[in-house]
Amino acid sequence: MAGAFGKEVADKVEAKSKVKANAGNFFEDFFVGMQIVHATPKTVTEGDVALYTGLTGSRYALFSADRFAQDCGLESAPIDPLLAFHVIFGKTVTDISLNAVANLGYADGMFVAPVYPGDTLRSVSEVIGIKENSNGKTGVVYVRTSGVNQNDELVLTYVRWVMVKKRDLDAPAPEAVIPELPANVDAENLVAPMMDAEDWDYELAGSPHAYEDYTIGEKIDHYDAFTVEEAEHQIATRLYQNTAKVHFNQHEQAQGRFGKRLVYGGVAISMARSIAFNGLANAAQILAINAGAHANPLFAGDTVYAWSEVIDKADISQGFGALRLRLVATKNLPCTDFPYKDEDGKYLENVILDFDYWTAIPKRG
């Protein structure tokens, strides 16, 4: 049986090697244990950082000013962890989600080391789960992706699952394998910031609030809002070299379910995090992704609002604590009343993002 399976895989690889252009993998091309080395390493430059800032409005001092970062013991301002995440994610799209219907969720993400301008990032993935949907037209693929720098040092790792179209509707369903994933990253496993909080300048950071000032269960309306423009979301997605058809091909998407292009979910994450500065300005460094869901689609012309809830707290080093936060983003709906789910536990139609993550914040001492 194993021999037959191995021959089937080899035949697929040989067949694809004869085709010059890449149409992307369909559901039946994936198998558990599949290893994928993704193309096009990217050196992240100061130009990329400037463009990311221009597209998201991010204001976190740690990623904006060399002197601020150096006063915390770093060599210079690191790049925003979400920029690193999007670059590493973007590499995977051609192989994993070029033919996706939707990116469904994230889990078990860990930010291991800072990334600086001049670092070169590349991505590798392993398929860890697979399950065909009951409609026989699509299936869900689970992958763990790791991003490494030019020294082969791990920068971050995460799991995501994506719904992918089948090429051949008559292809038999594979044996379902659904990986066991942790509900959240344990605080004991967080990598504490490689920084000194003693000289953290709260005034320059934009907020007086430290670790001690936040309480579990506290909710914060971030007030600010950004309208997503058509050109901006496409430029952002191209910055990450994400080639997913649903974000760019209006000719094709006009015939689809929504009749227009979808905004890449990472744009929603970055815009919501940028908005969250107002209330969480000192919680700059993301440490882990516990879970994430793109609850409803976001389109150009929609206005993004956001609110946060403190789910948990943890003391992780002498100078820093960690806040576990739920970041909820909405479209065309202010967050004064903290919109989230209805009585049946379903996301409200204006909720576009439910993002559960750990972030570092300095302790007052």
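Q: So buried means under 20% relative accessible area, exposed means over 50%, and partly exposed is in between (1.4 Å probe, protein chains only). With that in mind, is His-38 buried or exposed?

A: His-38 is buried, since its relative accessible area is 4%. This is a predicted model, where local features need pLDDT of at least 70, side-chain atom pairs count only at pLDDT 80 or more, and totals for chains, interfaces and linings use all residues. Residues are numbered from 1 along each chain as its sequence is written, and side-chain values use heavy atoms, with hydrogens and water left out.

Q: Okay, and where is His-38 found?

A: His-38 sits in the loop between strand 1 (35–37) and strand 2 (42–43). Helices (H or I, at least four residues) and strands (E, at least two) are DSSP runs, numbered from the N terminus.

Q: Which residues is His-38 in contact with?

A: Leaving out neighbours within four places in sequence, His-38 is in contact with Lys-91, Thr-92, Asp-95, Ile-96, Ser-123, Val-124 and Ser-125. Contact means heavy atoms within 4.5 Å.

Q: You mentioned strand 1. What does strand 1 pair with?

A: Strand 1 pairs with strand 4 (120–132), in the antiparallel sense and over three bridges. Two strands pair if DSSP finds at least two bridges between them. Within that pairing, Gln-35 has Glu-126 in strand 4 as its bridge partner.

Q: How many bridges join strand 4 to strand 5?

A: There are 10 bridges between strand 4 and strand 5 (residues 138–148), and the two run antiparallel. One of the pairs is Val-127 with Val-143, which belongs to strand 5.

Q: What do strand 4 and strand 5 form?

A: They form a hairpin, with five residues between the two strands. Gly-136 is in the turn and has a positive phi of about 70°.

Q: New topic: strand 9. Why is it largely enclosed?

A: Strand 9 (residues 286–293) has eight residues and seven of them are buried, so the rest of the structure largely encloses it.

Q: Which strands run alongside strand 9, as partners?

A: Strand 3 (residues 100–111) is one of them, antiparallel to strand 9 and joined to it by four bridges. Ala-107 stands opposite Ala-291 in strand 9. Strand 12 (residues 351–362) also pairs with strand 9 in the antiparallel sense, over six bridges. There, Ala-288 stands opposite Trp-358 in strand 12.

Q: What about Val-115, is it buried or exposed?

A: Val-115 is buried, with a relative accessible area of 4%. You'll find Val-115 in the loop between strand 3 and strand 4. Residues up to four places away in sequence aside, Val-115 touches Pro-78, Ile-79, Ala-84, Leu-121 and Val-155.

Q: How many residues apart in sequence are Val-115 and Asp-186?

A: They are 71 residues apart in sequence, and in space the distance is 23 Å, C-alpha to C-alpha.

Q: Last one: which residues of helix 7 are buried?

A: In helix 7 (residues 230–239), the buried residues are His-233, Gln-234, Ala-236, Thr-237 and Leu-239. Strand 2, helix 2 (46–56), helix 5, helix 8 and helix 10 are among what covers those buried residues.
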